[in-house]
Amino acid sequence: MQRDIYTAEHEAFRDTVRTFLAKEVLPHHARWEREGVVDRDVWRAAGRQGLLGLAVPEEYGGGGTDDFRYSAVLIEEFARAGASGLALSLHNDIVGPYLTRLATEEQKRRWLPGHTSGELVTAIAMTEPGAGSDLQGIRATATDEGDHYRLDGTKTFISNGILADLVIVVARTTPEGGSGGQSLLVVERGMPGFERGRNLDKIGQKAQDTAELFFDGVRVPKANLLGEENKAFSYLMANLAQERLAIAVGAAAAAEHVLELTVEYVREREAFGRPLARLQHVRFEAAEMATETAVTRSFVDRCVTEHSAGRLDAVHASMAKWWATELQKRVVDRCLQLHGGYGYMTEYAVARAFLDSRIQTIYGGTTEIMKEIIGRSLLDSPSARRPS
């Protein structure tokens, strides 16, 4: 079925992304996976190609469009390429909105030009050793000391943690913390007391640097408070829908691509004197996965359209996230099985996809949290209505 959510301009942008991947990313990705981090230069190359700050106003060097479909194209092409190392969606779709919507004019002038050029790599630090999906359990503290905050605490599993020049840190600014007592502070590279720990050794997405971050008496100027004090929780909740949709877009594209690779493989691979594709079991497996990915694609595309129009709510974003990522996990596992022993070899794309996909149902909110959000919307009050 022909997709109808993209225009000719979106498809031209897709060609730009594919050219960038072929020239700047794919020739180096295997080395990045061995080293555990991408080259710094590739961020600047992405900036030169206009792939950073798509929604940032043009006056700061950005793309000047709030049409999420451009981000969706970027996410899809990176997912299809299996290029998990360069976290452009984190930079654009997760960190970007905080800077464009909450920053003061002075902060925008300081940070957005570097954000769009690739000179300033960004990250957001929410997760702690004792607080993952439960954001109200954050224990990092920011104590008001006049013209600055004293920031103390530890964050973990922070994507872009090694390379990041700007880190948006969620910290308690009241003793009780929780939904009414957290704030966002922007910590900059080189601030005394800000240290990076290990580049964590993950089972997948090995080229994507993921680190522990330590804050020991970091003096963060009041000028680096992002948004209003004690309003972080509401800001986080407002931005999570886009983060979850971005993950869903990548999951749907990755599932489709792995299925395409597997269809090609079973057509060529022979067993018992004939191609695997001639076996009924293989045909049934392919039929089931093709149907599931097509149905998922329809829903995710609808969510992209709704989000681009400003209508996507947290419930439907949660539906898209849990369904598409769980589908990706199932499809990749079944495709690996159809590859047999070769599927277990990391030289095959399906093996790398198997390892890279496992995190999808965990970060951005676990599947269980997604179901809780959906369930609350249905059952928590007498006036709750079923999502339409």
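Predicted model: local features only at pLDDT ≥ 70, side-chain atom pairs only at ≥ 80, totals over all residues.
**Exercise 1.** Classify the ring pair Trp322 and Trp323, and state how accessible each residue is.

*Solution.* Step one is the criterion: rings of Phe, Tyr and Trp (its six-membered ring) pair if their centres lie within 6.5 Å, and planes under 30 degrees apart count as stacked, over 60 as edge-to-face and the rest as tilted. The structure holds five aromatic pairs. In one of them, Trp322 and Trp323 lie 5.5 Å centre to centre with 80° between the planes, an edge-to-face arrangement. Step two is accessibility, where buried means under 20% relative accessible area, exposed over 50%, and partly exposed in between (1.4 Å probe, protein chains only). Trp322 is partly exposed at 21%, and Trp323 is partly exposed at 38%.

**Exercise 2.** Classify the pair Tyr342 and Tyr348.

*Solution.* The ring centres of Tyr342 and Tyr348 are 5.5 Å apart and the planes stand at 45°, so the pair is tilted. Tyr342 is partly exposed at 36% relative accessible area; Tyr348 is partly exposed at 25%.

**Exercise 3.** Which charged residue sits over the ring of Trp323?

*Solution.* A charge sits over a ring if NZ of Lys or CZ of Arg is within 6 Å of the ring centre and within 35 degrees of the ring normal. The charged end of Arg330 is placed over the Trp323 ring, 5.6 Å from its centre. Lys222 lies over the face of Tyr149, 5.2 Å from the ring centre.

Key: Residues numbered from 1 in each chain as written. Heavy atoms only, no water.
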